[in-house]
Amino acid sequence: MVKKEASVIDWAGLSQEMECLLRLKASPVAYKRLEKLEELDEIPEVIRLDRRASFCQVPALARIMGMTVAATRDNFGERCARINGLAPTTEKQVAWEANAFATGWFANVEEARKQMAEYPLVPPGEAVVLAPLASSKFDPDVILIYGNPAQMMLLMNGLQFKDYERFHFFFIGEGSCADGLAQCYTSGKPALAIPCMGERAFGAVTEDELVMALPPGMMAKAVEGLRALKSRGIGYPIMYLGPLCNPSPILMQIYPEWWDRR
């Protein structure tokens, strides 16, 4: 096996600190597209899928079971393969997919084709590999973070703590790997997605979970922001006070000068 140089980024430390700050149920997941299959030889303890699968299942193997998993074109159906850059987009495939989705998710073929024209695709490659980010097996192209809406809200607040920007998110319907993973990969921006039926049925994503696809270069920024918010008394879990109490004691901690103006 070819020995790979260690990353200069402490992925394990960043992952563990985010898990602690947000009390995540599972480690963030590292995703990487490989241009050549031979690049898998540089990744230690990688397991190559030996069966057909939906892509939704692969992040679950990493985040729930702690596995480092690689998949190629042979493992996926056409749609999963195309979104992950493992198969080209051809008119034959577009026609097949549009007809298939017209019998389920959309009113007709024309509506299905509108969706297909909208979603982003990961650039072409020969394999993808996913692992718990904390394992530091490779430098990721995208980091996938699963959590409930409160955790995702605070994660985005952490990202906005410095260098504020308004985030924009997408929903193409069935296919949250396009809304999250592929959107982040192609745009270089954080992408929050509502997990689709496939992720919930095959990927063990629970009803209260969302997924954030994060550019690796923003992982440290997110942790730094979360750390700063926590120092100001803003963190997870969020205290539930309800609608019948006087909120002054809590609000005075967060907005002391503003709350005194009455």
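What is the volume of the largest cavity?

1. The largest cavity has a volume of about 110 Å³, where a cavity is a set of points on a 1 Å grid over the protein atoms alone at which a 1.4 Å probe fits but cannot get out, and lining residues have an atom within 4 Å of a point. Volume here is the space filled by probe spheres set on the points, which are joined across faces, edges and corners.

2. This is a predicted model, in which local features need pLDDT of at least 70 and side-chain atom pairs count only at pLDDT 80 or more, while totals for chains, interfaces and linings use all residues. Residues are numbered from 1 along each chain as its sequence is written, and side-chain values use heavy atoms, with hydrogens and water left out.

3. The lining of the largest cavity includes F55, L144, Y146, L181 and E199, and α7 supplies the largest share of that lining, with four residues; helices (H or I, at least four residues) and strands (E, at least two) are DSSP runs numbered from the N terminus.

4. The second largest cavity, with a volume of about 60 Å³, has among its lining residues L21, L22, K230 and Y236, and α9 gives the most to that lining, with three residues.

5. Y31 lies in strand β1, residues 29-34, and counts as buried because its relative accessibility is 0% (buried means under 20% relative accessible area, with a 1.4 Å probe and protein chains only). Beyond its neighbours within four places in sequence, Y31 is in contact with residues including F55, N84 and L181, contact meaning heavy atoms within 4.5 Å.

Technical notes:
Buried < 20%, exposed > 50% of the residue type's maximum accessible area, 1.4 Å probe, protein only. 1 Å grid on protein atoms, 1.4 Å probe; cavity = no way out; pocket = protein on both sides within 12 Å on 5 of 7 lines; lining within 4 Å.
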